[in-house]
Amino acid sequence: MQNYNFDNLNDKEFEALINDLLSKREGVRVDRYKPGKDKGVDGRFFTTSSGEVIIQTKHWARSSFANLARSLRKSEAKKVTALNPKRYIFATSQPLSKANKKEIRDIFAPYISSDEDVIGQENVNDLLDEFSEVERRHYKLWLASSNVLHRMLNSALTGRSEAKRDAIIEATRRYVITEAHGAALKKLNEVHSVVITGEAGVGKTTLADQMAHHYVGLEYELCVIEDDLSEVEAVYEAGKKQVLYYDDFLGRNYLLAIEGRKDSRVLDLIDRVERDKNKRFILTSRSTVLNQGKVWSDLFDNRKIDRKEFEVKIASLSLLDKANILYNHIWFSGLGEGFVDEIYRKKRYQDMASHKNFNPRLISFITDPDRLSEVSPDAYWDYISSKLENPQEVWSDVYSRQIDDFTRIVINLVVLNGGSISEIDLADAFRNSALRDGTATPSNVADHFVRTLRGAVGSTLSRNLNPLFGTVTVGLFNPSILDFVLPRLAADRHTLSTFLQALKTTRSIDNISSLLADKRVSKDTYSTVVRDLCCKSLNFEVGSQKPSYFWRLAHLAFADTTFRVPLPTEKFASELRHMLVSELCSGSSLEMACEVLTSLLQMKVEIIPACSLNFLTWATDEAEDLAEFEKLGVLIQELEHVSLEGLPEVRRRYRKATLEHWEENVEHYISEDNVLINFLSDEQYSDAVNWAREYIDLHCGNLSFTDEEVDKILDGIDFPQIQYKNQESAYEDHENFERPMQDLKAEAPLSPQDRIDDLFDRS
């Protein structure tokens, strides 16, 4: 049995639910009046026995029965008397006792003839049990059902904190079902993956959240990815219904995503999910970032990412959609009555819904009572107008006046790190920054950081726990904070350089590259900042730096032919030698080290050939994936131009290690890149072998494996098993898909303005 309290519905949604349930119970169609006609009527129908039957609904989930009864006596009883219906049905979201029902019958006597026509919370739940199809039509109600909620609370929220989980549930209350919702779900069901794109604040993440919520309701396990796609391998289970969710998968820096091969790994996962009927994959990205990614990465074009893309645009929202978004935010905001009155005065809600800068994130900001401590009701409309006219300034008062210097330091650091940073890295960067400008001392800087973080989380910052890896990241409470703060920092060369020097993270290095690519900083500013970072790096004690940071900074300084810092000093050479022999120089650093060394070889830097040879001797045994072997091959090719004793032996070891790697991993690469996806029958066996052979030839570079070596590699592929899996996937019936949409369009045609007035009607 259902046990809703209906507090996730606004009053108009609850009214529509009652009308639907009574249509089922009475076996008739319930109609609504046009706005402004016959106040006190939320629905009506006609029967041969009773004539006109009037329905009145009161959504009083937040008040007491005493207040409800007082309101009914004061205003509603007079309306019913004026209407003089043959039969009157009253419904409320309040729980009603037998005595409560008798009191309501007395108030509306003689128009209510039985307790059956006094419907309380428990009766609505009974009707939902009897007419379960109504529950599915009222989408927000279905999402709040005990079964869905239980699955949501117990899902594997990989990479997300409990706060994020609760935020998804809480956002359901304000959520408005638009055409975009149904269209995005349809695409996701058909192709198993969808990339939701759009500009800042249009509702990408909100839509993605609710799509994930939808599939949890269909008994899928929710697996949320943060930064590392290795999280997927830890939770991915064949045959298990799972919905994977990757918010902002390219981040703000498309160059970082592409250079880090995130684009190929994500596309590989999309392909993998497409072949699995039990998986769904939801991703989000800003349109500008994804479009730039398409320019820089041929993979997006070759793998037809457009087929998965669904763009959310403010322009695609109807005026009524915007009004519903506004209405929901007002209803659930907790705004004081005086503030709400200002929105209703002269139908200002019409102006807000139709404003050229309407944006769901902006509406959320200006209807948040926690941000109105210094705004009086009389000044509220001026406040709304200023924010609508200058949406980038919504955080101006907060940033400039409502937070202290320590909080500003933390926000600046998070912003320049791309909007997210590990708590450990943030603590280090805060210490560097606060000590440098004298706002803290060595004895109190740690306490300042703890207090600052505690005070900022929930207002300007968010703190997220990754339970899979036991790590904590700090992000921005609202992405629009970054949109406001970043231009201020980018405009000040000294400030930009100071905070980036304090960060010392690879992500911050890539962020400055992104600022240049997005034309947020000038070439001169970029060059100055990078020089400052290089000089700062050379002043560190040898061996004290993180290898990944060192390689990223060196790559930035030397690999770009349009930008040069002075050639390496002896200190740099010492650090370089240390990094090349350090056991820490592995994983992602190995690829970057190869790129830097290749660039420095091309620049004919004297110390590099010998360093490169030593590095190759060690790195050949450490390489773990194809990308690393390919980078090592490029470095060896560059060394061919230098006469070095020992190079033939290094080349021989590299060839042997690469061949062994192919023998062990060929089936993995073949499967990940869908090389044999069309291999369905025995007649195609020879074609399948040739496809695999061509793939190996394409990726082995200039090694030119012999036919015997390639045959040995091919022995690692289980062709019959791949054929069986392809057949199984190809012949599976497509999953049935029901698009649950709330039908709120039963009323007679009205102009958009009249329908908005009807929505905001307070009678």
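How many bridges join strand β5 to β8, and do the two strands run parallel or antiparallel? In this predicted model, local features need pLDDT of at least 70 and side-chain atom pairs count only at pLDDT 80 or more, while totals for chains, interfaces and linings use all residues. Residues are numbered from 1 along each chain as its sequence is written, and side-chain values use heavy atoms, with hydrogens and water left out.

Six bridges join β5 (residues 193-198) to β8, and the two strands run parallel; strands here are DSSP runs of E with at least two residues, helices are runs of H or I with at least four, and both are numbered from the N terminus. Two strands pair if DSSP finds at least two bridges between them. Strand β7 (residues 242-246) is likewise parallel to β8, joined to it by five bridges. At I282 of β8, the bridge partner in β5 is V194, while Y245 also stands opposite I282.

Eight of the eight residues of β8 (residues 279-286) are buried, that is, under 20% relative accessible area with a 1.4 Å probe and protein chains only, where exposed means over 50% and partly exposed lies in between. K279, F281, L283 and S285 point one way from β8, whereas R280, I282, T284 and R286 point the other way.

Turning to the surface, E694, a residue of helix α35, counts as exposed because its relative accessibility is 53%. E694, D697, D707 and E708 gather there in a patch of negative charge, to which α35 (685-699) and α36 (707-714) each give two or more residues.

Terms used
Patch = residues over 30% accessible without salt bridge, like charges linked within 9 Å, V, L, I, M, F, W, Y side chains within 5 Å. Areas by Shrake-Rupley, 256 points an atom, 1.4 Å probe, with all protein chains shown as cover. Salt bridge = Lys/Arg side-chain N within 4 Å of Asp/Glu carboxyl O. Lys, Arg positive; Asp, Glu negative; His and termini not counted. Charge placed at Lys NZ, Arg CZ, Asp CG, Glu CD.
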